[in-house]
Amino acid sequence: MSTSSALDMVYSCETLVFILPVSILTIWLLVSPASKANWVCANFWAFRISFILKPNLIINSSSLNCCTQQKCTEHKKQMKHICYNKYFRLHLYPIRNMKNLYAILIILLVGVAAHAQPYATNPDFNRTRNWHFGDGVGLRFDPDTIYKVQTSIQTHEAAAVHTDQDGNLLLYSNGETIWNANHEIIHNGNLALGHHSSNLGSVFVFHEDNPDSIYLFNTYYNISTTKEFSVNLIVREADTFRVAYKDSVLMYSVCEPIAVVKADNGRDIWVVVHEFGANNLYSYLLTSQGIVSCPVVSKSFSTPFGSPQAAFFTMVFSSDGSYMAKVNTNQTFPLIKRVETYRFHSGNGKFDFLYSLDSLAQLTTGLCFNKDNSYLFVTERDDDLLSFKFNPNDSLSTINSKNKIALSGLKSKLQQMPYNYGVALMRRRPDDVSFIDFIVNDDLDTIKVLEEKIDLNATMNYVFPNFNQSYFYTPPINFTDKTRFPQQRMIGSLPNKE
């Protein structure tokens with residue numbers, strides 16, 4: 001993917017378009033004396049910026065076209081002076097006294113703070129930059145480009161990646177083997193109780209108070225009679241990693257997916273699994289002292305039973321940790337035609353069932369909330385991509401908002417992407433070559449699918465890396481909050497990269 005095509009996703013440009021011109025002009029207004037000749041006719045001018053962002057439009061400085069320079073005498077009139085192009089308009093208005101100027105500057109700065117929601121407000125946003133999954137696919141996301149990178153991974157479904165806060169790859173795994181950033185198997189890194197075909201069945205988790213102790217949680221393939229949920233402890237020593245203990249069973253008879261999100265203190269982590277043969281959700285808490293062995297138990301709406309294939313389903317948190325969605329499993333595979341939604345209380349690890357989205361046409365293989373929980377996306381394996389305007393307090397509103405987006409080919413996983421690229425959709429063409437579509441929000445009411453943005457040149461199945469979903473959370477800037485996250489919200493063909 002070229003730089004320009006990667007920037008088709010202009011959400012990351014939104015903050016730049018708004019903040020950069022405002023910041024430059026604000027400084028200019030503050031430091032330039034009214035007596036300077038280069039000031040616009042020795043008058044203070046207030047300004048506002050409005051912009052229209054559209055996909056596939058790249059903003060750059062050379063595209064700016066200002067209106068014809070007017071004489072000083074003409075500027076003294078009450079008419080506004082406008083610089084504009086197809087992306088934004090700059091409106092300048094004469095200000096007659098300093099009090100009005102300062103008032104407008106305060107309003108502008110408040111507007112910037114209220115509008116801007118850059119991903120950098122989450123210190124963990126870089127931890128999702130590296131994706132290793134599928135049949136030897138490695139991707140690295142930069143703000144303006146997505147690269148192909150080397151990888152040793154071979155997996156059908158399970159994929160986990162551990163990256164540091166600066167975006168440097170540290171570890172990745174398919175549930176059976178753990179590799180380091182040099183694509184070498186780490187010491188003691190071959191595992192017995194993970195499986196490459198466990199759906200969302202592998203994920204790295206660590207506590208920020210102990211960054212050199214990394215846990216790899218695994219579930220076993222659904223055909224197993226024991227269906228173990230296990231954990232492995234990886235220890236970092238200088239620049240090397242080793243598995244200190246492995247294949248330690250936390251519980252038996254669990255389904256494949258593992259869902260992870262931060263707790264309400266922004267430091268501890270909840271690791272959630274579903275029991276097979278019972279309607280129980282288990283929330284395990286990882287603290288600075290380690291894993292709390294006694295999980296919190298909540299009742300789910302449905303019970304996975306019958307065929308072992310019923311243990312294969314999708315379960316995912318919203319990035320702010322407030323909600324979870326999972327596929328209904330109260331019928332034997334493949335008759336899974338319902339999505340359940342839950343409210344999650346990350347203070348105590350409990351779930352409350354909200355409502356279900358019924359009468360889906362096909363096996364549901366992918367679920368994903370968008371960044372602000374305003375949409376829930378659902379993939380039906382051989383049918384449509386569905387979008388719902390998610391309202392946790394009004395089931396009828398959510399159900400009636402159902403929108404079908406017709407897409408050909410087998411559709412599998414959904415996953416948020418870093419840097420506001422949108423939501424990734426795995427899809428397979430009739431020639432069995434898989435690719436990734438980008439699902440984006442043009443505005444609050446419009447969903448667009450940018451098709452075949454990444455050609456994987458291979459056949460993929462039900463696989464994207466499984467992450468702590470809190471890494472995708474982008475809270476608004478809060479100048480009064482001294483914690484790392486707003487406490488009321490933080491609950492819970494491409495170029496090669498050398």
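Okay, let's start inside: the lining of the largest cavity splits into 12 nonpolar residues, 5 polar and 1 charged. Nonpolar here covers Ala, Val, Leu, Ile, Met, Phe, Trp, Tyr, Cys and Pro, charged covers Asp, Glu, Lys and Arg, and the others, Gly among them, are polar.

Before going on, this is a predicted model, where local features need pLDDT of at least 70, side-chain atom pairs count only at pLDDT 80 or more, and totals for chains, interfaces and linings use all residues. Residues are numbered from 1 along each chain as its sequence is written, and side-chain values use heavy atoms, with hydrogens and water left out.

Back to that hole. A cavity is a set of points, on a 1 Å grid over the protein atoms alone, where a 1.4 Å probe fits but cannot get out, and lining residues have an atom within 4 Å of a point. The largest cavity holds about 140 Å³ of space, taking volume as the space filled by probe spheres set on the points, with grid points joined across faces, edges and corners. Who sits around it? There are 18 lining residues, and Leu-200, Val-316, Leu-414, Gln-415 and Gln-469 lie nearest the centre. Strands E16 (259-262), E21, E25 (364-369) and E29 (410-416) each give two or more residues to the lining.

Let's follow E21. E21 belongs to an open sheet of 4 strands, ordered E21-E22-E23-E24 with antiparallel pairing. E21 (315-317) and E24 (350-357) are the edges; each has a single partner strand, so one side of each has no neighbour in the sheet. Two strands count as paired if DSSP finds at least two bridges between them, and E21 has 3 to E22 (residues 323-327).

Now for another strand: is E12 buried or exposed? All of it is buried, 5 of 5 residues (202-206), so the rest of the structure largely encloses E12. Buried means under 20% relative accessible area, exposed over 50%, and partly exposed in between, with a 1.4 Å probe and protein chains only. Ser-202, Phe-204 and Phe-206 are on one side, Val-203 and Val-205 on the other. A hairpin through 6 residues leads from E12 to E13, and 5 bridges join these antiparallel strands. One of the facing pairs is Val-203 with Phe-217 in E13.

Zooming out, the protein chain has 5 helices and 32 strands, and 57% of its 498 residues count as buried.

Key: On a 1 Å grid over the protein atoms alone, a cavity is a set of points where a 1.4 Å probe fits but cannot get out, and a pocket is an open set with protein on both sides within 12 Å along at least five of seven lines; lining residues have an atom within 4 Å of a point.
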